[in-house]
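Try each one before reading its solution.

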Amino acid sequence: MLARERPLTHQLLGDVFPNVIVANGSAVLWELRSLFPSLEDALPANYRMREVQGHVFEVPWPDAAGAVRVVACPHLSGSFGLSQNLLVTLGEAVRKATG
Amino acid sequence: MASVISEQTSRAVYDDALLAYADPAHPCHVFRTLQRDVPDAEWQLPEPFNGASATAGIVFMGLNPSYDPGEPVPRIGTSFEDWDTFYRHRLDGEPSLWPLLYRRYQQIGQIAVGDGFRLGRDALASRWRATAVPKARESVRACWRASGR
C-alpha cells in the first residue's frame with residue numbers, strides 16, 4: 001500500500017474504533033497487516049483466502065486499548081455470484097466476531 | 001466507541017481526492033484516466049465510506065474502486081458538504097435499490113446481528129482509500145509474486 005494512503009485509512013478506522021473489520025478480499029486482508037502487525041503472526045504463512053475465509057483473527061489494537069477482530073472474507077463484488085452457503089458462513093463468522 | 005467518521009477525516013479524504021485529480025505528481029493521479037465512459041470534467045470522486053454510523057461496531061472494508069458511468073454519485077466540482085452528506089446518507093433508502101455489494105453486506109449483517117440490522121446505521125461500508133487502488137493492487141500483486149502466491 002502506498003505509504004501516503006495508510007494514515008488516512010488508519011485515521012478513518014480510528015474514528016470508528018470498530019470491534020470487527022470484515023476484510024473483503026485477500027488484498028484487504030493483506031493490507032490490514034500494515035495497520036495491525038500482529039495479524040501477520042496470526043495468519044498462516046502463505047495463506048490462501050480459500051483456506052482462511054470465514055476465520056476470525058483477533059489482534060491487539062493499542063489505539064483502542066483493546067483488540068479488533070478481523071473476519072477473512074473472499075472478494076465480494078457486484079460482478080459475480082455468492083452462494084447461499086458462503087453467505088451463511090460469513091454471516092456466522094461475523095456473528096462470532098461480534099459476540 | 002465513537003462509531004462515526006469525523007468531519008476532519010472525511011475532509012482529509014476529500015482533499016486527497018481533489019489532489020489526486022489535479023496533481024500529476026500524486027501517486028493516484030493515474031486513476032483519473034481509468035473511468036471509462038466518464039468525461040474527465042465529470043470524473044467521479046472516490047467513494048470514501050457509506051453510512052452514518054457503525055453502532056454494532058462493524059466495518060466492511062473493500063478495496064476495489066467502484067464506479068458506474070450512469071450512477072448519480074458526486075462528481076469533480078461537488079462541494080465537500082454535498083459529497084460528505086451524499087455518502088453518509090447513501091444507504092438511507094430502500095435496500096433493494098442499493099448496489100449489489102451493499103445488499104450482500106446487509107445480508108451478512110442480518111445473519112450476524114439479526115433482522116433489525118441496517119447497513120449504514122449499524123455498520124459502515126468503507127474502502128481502503130479508493131484513489132490508491134490501481135497502485136495498491138499492483139503493489140499487492142507484486143507482493144504475491146514475490147511470495148510465490
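**Exercise 1.** In which helix of chain B does Tyr14(B) lie? Work out also whether Tyr14(B) is buried or exposed.

Solution. First, some ground rules: this is a predicted model, with local features needing pLDDT of at least 70 and side-chain atom pairs counting only at pLDDT 80 or more. Residues are numbered from 1 along each chain as its sequence is written, and side-chain values use heavy atoms, leaving out hydrogens and water.

Step 1: Tyr14(B) sits in helix α1 of chain B. Step 2: Tyr14(B) counts as buried because its relative accessibility is 9% (buried means under 20% relative accessible area, with a 1.4 Å probe and protein chains only). Step 3: leaving aside residues up to four places away in sequence, Tyr14(B) touches Leu45(B), Thr78(B), Ser79(B), Phe80(B) and Trp83(B) (contact means heavy atoms within 4.5 Å).

**Exercise 2.** Describe how α1(B) and α2(B) cross.

Solution. Step 1: the axes of α1 (residues 7–22) and α2 (residues 80–88) of chain B come within 11 Å and cross at roughly 110 degrees. Step 2: so α1(B) is roughly perpendicular to α2(B) (that label covers angles of 65 to 115 degrees). Step 3: pick out the residues; on the α1(B) side they include Ser10(B) and Tyr14(B), and on the α2(B) side Phe80(B) and Trp83(B).

**Exercise 3.** Which backbone oxygen lies 2.8 Å from a polar side-chain atom of His29(B)?

Solution. Step 2: the oxygen belongs to Ala20(B). Step 3: at 18% relative accessibility, His29(B) counts as buried.

Terms used: Chains are lettered from A and ligands numbered from 1 in the order in which they are written. Axes are lines fitted to C-alpha atoms, for helices over the stretch in contact, and angles run from 0 to 180 degrees between N-to-C directions. Helices (H or I, at least four residues) and strands (E, at least two) are DSSP runs, numbered from the N terminus. Angles under 35 degrees count as roughly parallel, over 145 as roughly antiparallel, 65 to 115 as roughly perpendicular and the rest as oblique. Buried means under 20% relative accessible area, exposed over 50%, partly exposed in between (1.4 Å probe, protein chains only). A polar contact is a pair of N or O atoms within 3.5 Å; within protein, one must be able to donate a hydrogen and the other to accept it, and residues adjacent in sequence count only if both atoms are side-chain atoms.
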